[in-house]
Amino acid sequence: MKHAAAAQGNTPAEPRGAAQASHCGHVELPSAPVMKPATPLTPAVGLRRRTCCVALLAAGVPGRAVRAADDTQPVIEMLPVPGATLEVQFEPGFDAAQRGRLLDWVRLEAAAVAGWFGRFPVPAAELLLLPVAGEGVRSGVSFGEPSPWLRVTVGRDTSAAQLRDDWVLAHEMVHLAVPQLPRAQRWLHEGIATYVESLARGAAGLVTPARVWGQWSRAMAQGQPAAGDQGLDRTPTWGRTYWGGALFCLLADVRLRQRGTLQRGLQQALQGVLAGGGDYRVAWPATRVLATADATLGQTTLMELYRQMNEPAAPPIELDALWRQLGVDGDTLRDDAPLAALRRAILG
Ligand SMILES: [Zn+2]
C-alpha cells in the first residue's frame with residue numbers, strides 16, 4: 001500500500017495523526033466506498049487514549065482492565081489471544097454490558113483468525129471500537145503504521161447474536177496476516193481478507209460451511225473480468241478488488257490442492273508467508289508474497305495464476321462448472337461431486 005506522507009509532528013506517541021495505509025472491511029455492498037479514508041482522529045481523542053495507557057502502566061497491572069468511572073471516558077482492556085495481546089479501546093458511549101459483549105466478540109473472532117493461521121498474525125495490535133447509534137457493525141479499517149491497529153464502528157444496540165454473525169472484525173484481522181502491498185495489488189490484500197475471513201469463521205464454527213459456499217456461489221461472479229478489463233493489477237474496480245481477489249484465492253486454493261495434496265492449500269501457503277516474517281508490519285512486493293506462499297508448498301501455482309489473471313482481456317473463469325465440480329449447488333453441498341473432498345478440505 002502506498003503511504004501518504006506522515007503528518008507533521010507525528011510521533012510514536014500519537015499513532016493516529018497521519019494518513020496511513022489502510023484496508024477497508026466493506027465487502028458486501030457494491031455502493032460502499034472502496035476504501036474508507038483514514039480519517040485522523042481528533043487530538044483530544046488521542047490524548048484521552050494515551051492518558052489511559054499511561055494510567056495502565058503507572059498502575060503496574062498489565063493485563064487488567066482500566067475502567068473509567070463513567071461512560072464519558074475511553075476504556076481500555078488488554079485482551080490475551082492466542083499468540084498475541086490485543087489492546088481493545090472503547091471510545092466513550094458503550095455501556096459496561098455492551099463492552100462485555102464486544103469483548104466476547106473480539107475474543108471469538110481473534111481465536112478464529114488465530115486458529116486458521118496457527119497464531120494471531122501479529123504479536124500486538126490495537127483495536128479501537130467506536131460507537132454509533134443503532135444496531136450492527138458498520139465499518140472496519142486496518143492500519144499498519146506506526147504499529148498494527150484496527151478501527152471498527154459498531155452500533156450501541158448491536159446484540160451478541162448480531163456481533164457473532166458479522167464478518168467485519170475477522171476481515172480486518174486477516175489483513176494483519178499479509179504484508180502491505182503496492183496499491184496495484186490491493187486486490188490481493190482484499191481478496192485474501194475476503195476469502196479467509198469466511199474460512200476462519202467457518203473453521204471456528206461461527207458460520208456453517210454451506211452458508212460460506214452458498215454465499216460465495218452468489219458473490220464470487222462479481223470478481224469476473226468485465227468488458228475492457230485490463231487484468232487484476234490495472235482494473236481497480238470494487239468487484240475486481242474484493243471478489244476478483246477472492247476468486248484468485250479460491251482458484252489458487254483449488255489448484256494448490258490438485259497439484260499437491262488435498263490437505264495442503266492456501267491456508268498452509270499463507271502460514272508460510274507469516275512464518276517468513278510477512279505480516280502487516282512489513283511492506284513486500286506482491287511477487288514476494290506469492291513466491292513465498294508457493295515455495296511453502298514447493299509449487300509455482302500462485303505466480304502462474306497471477307500471470308494469467310493479470311492479463312488484459314483474460315477470459316472469465318468458468319465458475320458454474322467449478323461450483324458443480326466442487327458440489328456447491330446454491331446453499332446445498334453435494335458430496336457426490338468430483339471435487340467434493342477438495343471442497344471439504346478447504347471448508348467442510
Ligand atoms: Zn479489507
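Two residues are in contact if their C-beta atoms, placed from the backbone, lie within 7 Å of each other. With that cut-off in hand, I looked at contacts in the chain between residues at least 6 apart in sequence, and 63% of them join residues at least 24 apart.

**Entry 1: what kind of model this is**

I note that this is a predicted model, in which local features need pLDDT of at least 70 and side-chain atom pairs count only at pLDDT 80 or more, while totals for chains, interfaces and linings use all residues. Residues are numbered from 1 along each chain as its sequence is written.

I then looked up the pLDDT, which is the predictor's confidence in each residue, from 0 to 100. The chain has a mean pLDDT of 84, and 80% of its residues reach 70 or more. Over residues 25–69 the pLDDT is below 50, and this stretch has 57 contacts in the model beyond near neighbours in sequence. Residues 1–20 also stay under 50, and for them I found 30 contacts beyond four places in sequence.

**Entry 2: the chain as a whole**

I counted helices (DSSP runs of H or I, at least four residues) and strands (DSSP runs of E, at least two), both numbered from the N terminus. The chain holds 12 helices and eight strands.

For burial I used the number of other C-beta atoms, placed from the backbone, within 10 Å of a residue's own: 20 or more is buried, 12 or fewer is exposed, and in between is partly exposed. By this rule, buried residues make up 43% of the 348 residues in the chain.

**Entry 3: the largest nonpolar core**

A nonpolar core is a set of buried Ala, Val, Leu, Ile, Met, Phe, Trp, Tyr and Cys residues joined through C-beta atoms within 7 Å. The largest one here has 88 residues, and V113, L127, V174, I192 and A200 are those with the most contacts inside it. Helix α7 (residues 238–259) gives the most to this core, with 11 residues. At least three residues of the core come from each of domain 1 (22–175) and domain 2 (183–347), the domain bounds being taken from an automatic or database domain assignment.

I also looked up the partners of A200: leaving aside neighbours within four places in sequence, A200 is in contact with A112, V113, G115, W116, A170 and V174.

**Entry 4: helix α5**

How far apart are the end C-alpha atoms of helix α5? They are 26 Å apart, which agrees with the 26 Å that the 18 residues of α5 (residues 186–203) should span at 1.5 Å a residue, where the expected span is 1.5 Å times one less than the number of residues.

I found a kink of about 25° in α5, centred on V196; the bend at a residue is the angle between axes fitted to the seven residues ending there and the seven starting there. Because 18 of the 18 residues of α5 are buried, the helix is largely enclosed by the rest of the structure. Just after α5, G205 takes a positive phi of about 80°.

V152 is found in strand β6 and counts as buried, with 23 C-beta neighbours inside 10 Å. Not counting residues up to four places away in sequence, V152 touches L127, L129, V137, G140, V168, L169 and E172.

In the loop between β5 (137–143) and β6 I found P146, and the peptide bond from E145 to P146 is cis, with omega near 0°.

A313 is found in the loop between α10 (301–309) and α11 (319–326), and its phi is near 55°, a positive value in a residue other than glycine. For background, most residues other than glycine have a negative phi, and most peptide bonds are trans. A313 is exposed, with 10 other C-beta atoms within 10 Å.

G228 is found in the loop between α6 (209–219) and α7, and with 8 C-beta neighbours inside 10 Å it counts as exposed. G228 and A313 are 85 residues apart in sequence, and I noted a C-alpha to C-alpha separation of 6.4 Å in space.
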